[in-house]
Amino acid sequence: MRAFKRMAATAALLACTATAGAADLGSGPITFISPFPPGGGTDTLTRMVGTAIGQDTGWNIVVENKPGAGGNLALDATARARPDGHTLVMAQTDNIVLNPWLYNKLPYDTFKDFKPVGLVASSPSVFVVLPDSPYKTVDDVVQAAKAKPGRVSLGIPGIGGSGDLIGYLWRKAAGIELMHVPYRGWAQAFPDLMSHRIDLYTGSVASLLPQIRGGKVRALAVVAEERSPALPDVPTFAESGFKSITQTIWWGLMAPGQTPDDIVAQLNTALNRTLDKPEVTQKLQDAGYSVMKGTPQDLARRYRADYETFGKVVQEAGIPKQ
């Protein structure tokens, strides 16, 4: 009888612990850190997903913008946060994957100081020109670049970012020279595109979709294996003759490295359940994203593989570390 009572007490304690653990995520605000300023593609995605998860779970999710140093400030803040599931970062290809190759010294270890929660979405890069540009296709740009080596200019959102590297892959595959002109972002680049100081610009579909739909720019091609649902009439680079240029930009939620597995599992379940909702999928697609989903292990494999792939491109391109 005593043994039975001890077993019953233990079971009750475990049940209470599990209930308390499940309730912990609702005990206070959960901060989603966005590594970029308000209004950009990452910020928009973070707020859309955070709001949807909060509505589904009842959790109080707040978004904190922490831009600077190519995303390093946001990643460092997450790495140092309490590993209790109440601080996550919306990491992406351009920071969690590329920054170790672009900076001499980082305040965090990209593989030890973060625990993957789950993939969220992807959005292909898109190359755009002014509506009246003489370049109607990717091949038009290639032919002009061959006729005027180094004179056709491509605006990119930062040295060493995905746009810079995709531009390098394009130059290499086509045997052309493009002048890469780095900017902090679209707001800085747009006046130069309008005044013809640059010929093209590249960014994610999600960040440039309002300008494309508003007729301010015209899309030439997207970098993906398939056409973007948001731009079904725009060909891929593969369709334009460059089958190896398919690298998309992705976003995923990361927690501090010591976050317990059971908390990560709760977060992953909530994330995937929210992304499974048709209305959420449609809303993200309308904004230029494609839903990804998956397990924490799927995200871990993805960013390890992209780390190796893009690292080789950074080294081939000779991009110096900052």
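A: The lining of the largest cavity divides into eight nonpolar, no polar and no charged residues. This is a predicted model, in which local features need pLDDT of at least 70, side-chain atom pairs count only at pLDDT 80 or more, and totals for chains, interfaces and linings use all residues. Residues are numbered from 1 along each chain as its sequence is written, and side-chain values use heavy atoms, with hydrogens and water left out.

Q: What makes a residue of that lining nonpolar?
A: Ala, Val, Leu, Ile, Met, Phe, Trp, Tyr, Cys and Pro count as nonpolar, Asp, Glu, Lys and Arg as charged, and the others, Gly among them, as polar. The lining consists of F32, I53, W59, L88, L253, L267, A270 and L271. Helix 10 (residues 261–275) gives the most to this lining, with three residues; a helix here is a DSSP run of H or I with at least four residues, a strand a run of E with at least two, each numbered from the N terminus.

Q: Why is one space called a cavity and another a pocket?
A: On a 1 Å grid over the protein atoms alone, a cavity is a set of points where a 1.4 Å probe fits but cannot get out, whereas a pocket is an open set with protein on both sides within 12 Å along at least five of seven lines; lining residues have an atom within 4 Å of a point. The largest cavity holds about 40 Å³, and the largest pocket about 1200 Å³. Among the 50 residues that line the largest pocket, F36, P157, R184, G185 and W186 lie nearest its centre. Its lining divides into 22 nonpolar, 24 polar and four charged residues, and helix 9 supplies the largest share, six residues.

Note on methods. Points joined across faces, edges and corners; volume = space filled by probe spheres on them.
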